[in-house]
Amino acid sequence: MSGAATIALLPGDGIGPEITDEARRCLEVGMARAGRAVRFTEALIGGRAIDVTGSALPPATVEVVDGAAAVLLGAVGGPKWDAPDAKVRPEQGLLGLRKAMGVWANLRPVAPLPELADATPLKAERLAGVDLVCIRELTGGLYFGEPKGRTALDGGGVRAVDTLVYTDVEIRRVVTLAFRIAEGRRRKVTSIDKANVLESSRLWRQIATEVGRDFPGVTLEHQLVDSAAMRLITAPASFDVIVTENMFGDILTDEAAVLAGSLGLLPSASLGDGPRGLYEPIHGSAPDIAGQGIANPIGTILSAAMLARHSLDADDVARRIEAAVARTIADGYRTADLGGATSTAAMGAAVRERMA
Ligand code: NAD
């Protein structure tokens with residue numbers, strides 16, 4: 001079909017093929033209803049790619065990704081490829097993909113559905129009105145700074161070092177993204193740092209304040225990461241858009257995931273300079289339930305909605321998918337992780353029925 005957007009579909013390992021199949025079909029239905037065509041090109045990544053080609057990210061996959069408007073990914077990894085002395089690992093596929101795509105921000109929306117309040121360890125009243133997006137800087141900070149490594153100390157002992165580095169450019173682009181996203185939401189950005197201790201955080205705060213001046217309609221607040229961690233549990237509804245550096249984001253996004261009730265429900269997007277993005281559920285390949293048809297596909301289906309919004313300029317399609325997911329849950333459909341017996345396929349079909 002001419003003019004069709006091409007999506008690279010990378011199912012990966014474990015439950016990946018089961019959940020991406022449902023998400024692909026939901027996106028196809030949504031785009032068709034909007035009168036727009038999408039074409040999926042499947043490629044290998046992770047453990048299956050190692051088995052077939054010896055590489056976790058084969059050149060053929062990079063080629064497919066290069067020609068695509070977006071990437072929809074399942075998950076990678078599993079015990080088969082976990083040997084401590086393994087030379088090639090499935091995770092290398094994911095890291096290589098992020099690098100090849102040049103994505104530098106990871107977005108995780110968390111909007112718990114009221115019907116699932118029982119699935120979370122928090123009191124229902126704490127969850128009322130929670131609708132937030134965590135934006136984590138993905139390519140800078142402590143995980144990538146140089147120098148890093150170990151040196152032997154004279155007279156025995158060893159010293160280890162990691163370095164937390166940020167440039168103004170790296171901070172500005174991710175904070176600007178946070179403000180742009182807040183403009184389409186409740187117009188509030190919480191920038192999280194450790195400015196009372198870290199110089200990199202003081203630069204972060206300075207740049208966030210500068211960027212904020214360009215968005216007079218959006219409120220900016222700064223918060224220290226330790227008290228923000230507490231507030232995520234005690235008053236999560238007080239956040240709209242959170243933006244923070246790599247390691248703080250790594251920790252806080254997992255904490256925020258608890259608010260939703262199951263790992264299986266949460267989507268993510270990794271974005272870079274252009275509209276092209278990488279979309280995947282936040283969970284792993286769940287090898288313990290792979291092949292049984294019982295995995296929850298909602299996190300991947302909602303990732304496909306994010307794909308429509310950020311990479312296909314199809315906010316209407318994203319909203320249709322999200323509304324259908326909410327109705328499916330409200331109508332009582334529950335996969336095993338939510339205490340029910342709905343299969344992966346039945347959950348996907350129920351969402352598609354509600355997209356009509
Ligand atoms: P996991 O997220 O795969 O599973 C944790 C638990 O949550 C398991 O009990 C699993 O059954 C359950 N679960 C996860 N997703 C579910 C879903 N959609 N529906 C129902 N239940 C679900 O984490 P893990 O067990 O620590 O890791 C398993 C493998 O996945 C490892 O090889 C790990 O390296 C890999 N992993 C990959 C990614 C990724 O591809 N982005 C992320 C995390 C872990």
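Buried means under 20% relative accessible area; the legends below apply that cut-off to a predicted model.

**Figure 1. Phe40 in strand S2.** Phe40 has a relative accessibility of 18% and so counts as buried. The strand that holds Phe40 covers residues 38-42. Leaving aside residues up to four places away in sequence, Phe40 touches Ile7, Leu9, Arg24, Leu27 and Glu28. Glu125 lies 85 residues from Phe40 along the chain, and the C-alpha atoms of the two are separated by 42 Å.

**Figure 2. Tyr279 in strand S12.** Strand S12 spans residues 277-281. Tyr279 is buried, with a relative accessibility of 0%. Ser268 is eleven residues from Tyr279 along the chain, with 5.8 Å separating their C-alpha atoms.

**Figure 3. Packing of helix H1 with helix H12.** H1 takes in residues 16-33 and H12 residues 344-353. The angle between the two is about 10 degrees, and their axes are 10 Å apart. Angles under 35 degrees count as roughly parallel, and H1 and H12 are therefore roughly parallel to each other. Their crossing is right-handed. From H1, the contact involves Glu18, Ile19, Glu22, Arg25, Cys26 and Val29. These meet Thr344, Ala345, Gly348, Ala349, Val351 and Arg352 of H12. By class, the residues of the contact of H1 with H12 are six nonpolar, two polar and four charged.

**Figure 4. Cysteines Cys26 and Cys134.** Cys26 belongs to the H1 side of the contact with H12. With 0% relative accessibility, Cys26 counts as buried. Cys134 is also buried, at a relative accessible area of 4%. The structure contains zero disulfides.

**Figure 5. Packing of helix H6 with helix H7.** H7 runs over residues 199-213, and H6 over residues 168-183. The helices pack at an angle of about 45 degrees, and the distance between their axes is 9 Å. H6 and H7 are therefore oblique to each other. The crossing of H6 and H7 is right-handed. On the H6 side, the contact is made by Asp168, Ile171, Arg172, Val174, Val175, Thr176 and Phe179. H7 contributes Leu203, Trp204, Ile207, Ala208, Glu210, Val211 and Gly212. The residues of the contact of H6 with H7 are divided into nine nonpolar, two polar and three charged.

**Figure 6. Packing of helix H8 with helix H9.** H8 comprises residues 225-234, and H9 comprises residues 246-257. Their axes lie 10 Å apart, at an angle of about 15 degrees. That angle makes H8 roughly parallel to H9. H8 passes H9 in a crossing that is right-handed. Val225, Ala229, Leu232 and Ile233 form the H8 side of the contact. Phe248, Leu252, Glu255 and Ala256 form the H9 side. Of the residues in the contact of H8 with H9, seven are nonpolar, none is polar and one is charged.

**Figure 7. The cis peptide bond from Glu146 to Pro147.** Most peptide bonds are trans. The bond from Glu146 to Pro147 is cis, and its omega is near 0 degrees. Pro147 is located in strand S6, which covers residues 145-152.

**Figure 8. Positive phi at Arg187 and Asp313.** Most residues other than glycine have a negative phi. Arg187 has a positive phi, near 60 degrees. Arg187 is situated in the loop between helix H6 and strand S8, the latter being residues 188-193. With a relative accessible area of 38%, Arg187 is partly exposed. Asp313 has a positive phi as well, near 55 degrees. The loop that contains Asp313 lies between helix H10 (298-311) and helix H11 (315-330). Asp313 counts as exposed, at 69% relative accessibility.

Note on methods:
Residues are numbered from 1 along each chain as its sequence is written. This is a predicted model: local features need pLDDT of at least 70, side-chain atom pairs count only at pLDDT 80 or more; totals for chains, interfaces and linings use all residues. Side-chain values use heavy atoms; hydrogens and water are left out. Axes are lines fitted to C-alpha atoms, for helices over the stretch in contact, and angles run from 0 to 180 degrees between N-to-C directions. Helices (H or I, at least four residues) and strands (E, at least two) are DSSP runs, numbered from the N terminus. Angles under 35 degrees count as roughly parallel, over 145 as roughly antiparallel, 65 to 115 as roughly perpendicular and the rest as oblique. A crossing is left-handed if the near helix is turned anticlockwise from the far one by less than a right angle, and right-handed if clockwise. Contact means heavy atoms within 4.5 Å. Ala, Val, Leu, Ile, Met, Phe, Trp, Tyr, Cys and Pro count as nonpolar, Asp, Glu, Lys and Arg as charged, and the others, Gly among them, as polar. A disulfide is a pair of cysteine sulfur atoms within 2.5 Å. Buried means under 20% relative accessible area, exposed over 50%, partly exposed in between (1.4 Å probe, protein chains only).
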